[in-house]
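Visitor: Could you guide me through how strand order and helix packing are to be read here?

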Amino acid sequence: MRSFVRKSLAASAVLASSVAATAGIGAGAHAAPAGPGNSPLTLDLGPFAPDGSRYVYADSDGAIITHNSPGGAPLVADPAKPGVARSHPTFFADGSAIVFSQTVNGVSKLVAVPAFTPEGDPVQETDPLSKLSPQPMPEGTESSPDSNGRTLAFQHRAAGHDEIWVQDAFGRGSEGPIRVTDDGTSPSVSPDGKTIAFLRQDGGGHEQIWTVPWNGQTAQPQAGTPVQVTNDARDHLNPTFTPDGSRITYEGRAKTSGAPDNTESVAATGGSPRQEWPTAGVPNYQPLNRDTITRLAGDDRIGTAIAASQAQWPSPPGNPAAGHYPAYSVVLSRSDQFADALGGSTLAQTMGGPLLLTPTDRLDAGVKAEITRVLGPADTHKTVYVLGGEQALSPTVYNAVKKLGYTVERIAGADRYATSIAIAKQITGPNQPLRILVATGDNAPDALSAGAAAESFGSGGPGGVVVLSNDKVMPSSTAAYVKDALAGQEKPQVYGIGGQGDAALNSIGVKHTALVGSDRYQTSYLVAKTFFGGWEDNGTPPAAVGFATGLTWPDALSGGAFMGQHRGPLLLVDPVNGISPDTQLWLAGWAPYATDAYIFGGLKAVNQFAQDNYASLIAGQRAGYTTRNNPKA
């Protein structure tokens with residue numbers, strides 16, 4: 001049985017650890033020689049996240065803990081509880097969740113938690129099986145989960161009999177989880193998810209390894225015919241696949257009881273065993289998948305917005321089969337002031353296109369070229385949205401875009417506050433917003449953080465908007481919009497972003513959630529952890545993370561539109577102090593899921609030291625990360 005309860009680490013010590021601290025691998029845990037694909041075989045470490053950035057274990061008190069090997073801080077994913085035993089934690093849902101076995105009064109079940117929950121926030125524990133499928137499991141208990149990140153195998157026990165069942169991360173199939181064999185324990189999922197290994201005792205009482213095909217079945221009966229892989233007179237414990245799926249590694253034991261004596265492997269199709277290490281230990285392979293950090297920067301703010309557009313949007317028709325879709329629109333804003341543009345990031349996300357900047361009095365030549373590149377030949381079915389009135393973007397700009405042959409829509413109000421309402425109505429159409437984020441329109445940072453988050457999926461779904469307050473006062477246009485939305489049948493969630501937005505909502509008596517930090521950087525972090533955390537419907541985990549200077553607005557404006565397409569937050573960076581300890585912990589905690597980081601702006605905006613620091617927080621230390629500059633979609 002794969003317990004992974006190998007360490008004693010007090011929860012108080014874990015919570016007090018800083019990201020800058022270094023920690024050894026721990027007594028009895030070590031790395032063996034590199035395995036297939038240069039993925040190290042580790043003993044008594046793991047399982048690892050799909051990118052190899054962190055491993056997970058249950059400590060002797062029952063806390064679920066992730067750790068960056070070989071250094072970095074241990075982080076508590078779920079604190080210990082009196083009378084509750086935990087074991088077999090494994091990363092699931094591409095690393096955004098951890099599933100483990102929990103036993104209370106002798107009854108075990110599977111529990112899922114987010115890969116990271118900030119200290120002080122309640123951990124959201126869910127049943128991963130009922131969460132993924134409405135069909136209940138047969139009566140019995142569940143334990144010993146294992147996953148390749150997308151497919152979850154587990155042991156089901158009823159009336160003293162053990163079975164192996166499988167469920168994928170999509171909850172695929174009206175029948176819910178699928179039974180793959182009616183006699184087995186200790187399942188292991190192959191890297192490609194197409195084979196399940198498990199243990200079954202032979203006539204002499206030895207644990208032998210068997211495998212069974214799994215091809216994503218959507219209904220019963222069982223997946224395929226089990227095949228015996230080992231047959232020597234030894235126990236084969238804690239099976240795990242090599243990274244290429246060609247072999248199965250396990251702890252070997254000559255007797256049917258007592259301690260294992262070495263670590264061996266066997267071909268997944270069967271054959272003679274091979275010793276991998278002369279001592280025993282629970283085997284796991286650490287993937288060495290390199291995460292990526294990308295800098296998007298031009299010679300100026302206009303060029304940076306173009307660089308972000310070129311990295312995200314291919315020239316038509318793109319390659320939809322590979323997930324590279326062309327843009328359907330462009331949002332165009334003035335390059336010298338932020339007033340009319342603060343809702344533009346969310347609009348660009350919703351309409352499926354980049355946000356570009358141009359001077360008030362003319363259409364920049366580079367921007368003109370990028371509009372025609374990203375939208376393709378003249379087509380009135382594609383739209384360029386011009387933000388603000390004629391003093392923001394002149395008729396000269398409007399007419400120059402019109403001559404390109406696209407539909408042009410000017411979105412404007414009497415002032416910046418009314419313009420934000422006009423943008424919000426364009427985003428939701430005839431529907432009410434499901435989420436309203438209120439930030440001051442007199443300064444940019446809070447609204448910029450909100451822009452990438454408004455359309456995040458989770459906690460209410462799509463249909464979020466950013467509207468503006470006049471410092472701590474609620475303008476009549478914004479007040480009317482919020483109150484009308486709250487009078488609707490489906491009332492939106494309302495958030496005050498920063499102290500001014502919070503105060504403005506309080507001034508009109510609207511109940512809301514306040515996300516107010518000690519400064520613009522802490523508010524940016526609060527927005528990120530609120531809208532990009534949790535698992536599935538409990539929140540949107542950050543698949544990517546963006547960084548832009550908090551001292552100026554243009555890079556964060558186009559960066560917010562970019563990050564909205566990449567399902568991640570935009571974090572504002574203090575050029576002197578970098579990001580806060582809270583933000584560092586948050587990034588390290590979500591490292592199992594976040595595989596990409598983006599820097600918006602040049603080295604004067606976010607320097608090389610900061611770039612390397614942010615990359616190291618999300619990347620596995622052994623694999624490292626790949627850097628890119630201004631890639632093209």
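Visitor: What is the order of the five strands in the open sheet?

Guide: In general, strands of a sheet pair through backbone hydrogen bonds, in either the parallel or the antiparallel sense. Here the order is β32-β31-β33-β22-β34, with parallel pairing, where strands are DSSP runs (E, at least two residues; helices are H or I, at least four), numbered from the N terminus, and two strands pair if DSSP finds at least two bridges between them. β32 (570-573) and β34 (625-629) each have a single partner strand and stand at the edges, so one side of each lacks a neighbour in the sheet. This is a predicted model, in which local features need pLDDT of at least 70, side-chain atom pairs count only at pLDDT 80 or more, and totals for chains, interfaces and linings use all residues. Residues are numbered from 1 along each chain as its sequence is written, and side-chain values use heavy atoms, leaving out hydrogens and water.

Visitor: Over how many bridges do β22 and β33 pair?

Guide: Strand β22 (residues 291-296) pairs with strand β33 (residues 596-600) over five bridges, in the parallel sense, and Leu296 stands opposite Phe600 in β33.

Visitor: Which residues of α7 meet α9?

Guide: Contact means heavy atoms within 4.5 Å; by that criterion Tyr417, Ala418, Ile421, Ala424, Lys425 and Thr428 in α7 meet Ser477, Thr478 and Tyr481 in α9.

Visitor: At what angle do α7 and α9 pack?

Guide: Axes are lines fitted to C-alpha atoms, for helices over the stretch in contact, with angles from 0 to 180 degrees between N-to-C directions. Helix α7 (residues 416-428) and helix α9 (residues 476-486) pack at about 30°, their axes 8 Å apart; they are therefore roughly parallel (angles under 35 degrees).

Conventions
Angles under 35 degrees count as roughly parallel, over 145 as roughly antiparallel, 65 to 115 as roughly perpendicular and the rest as oblique.
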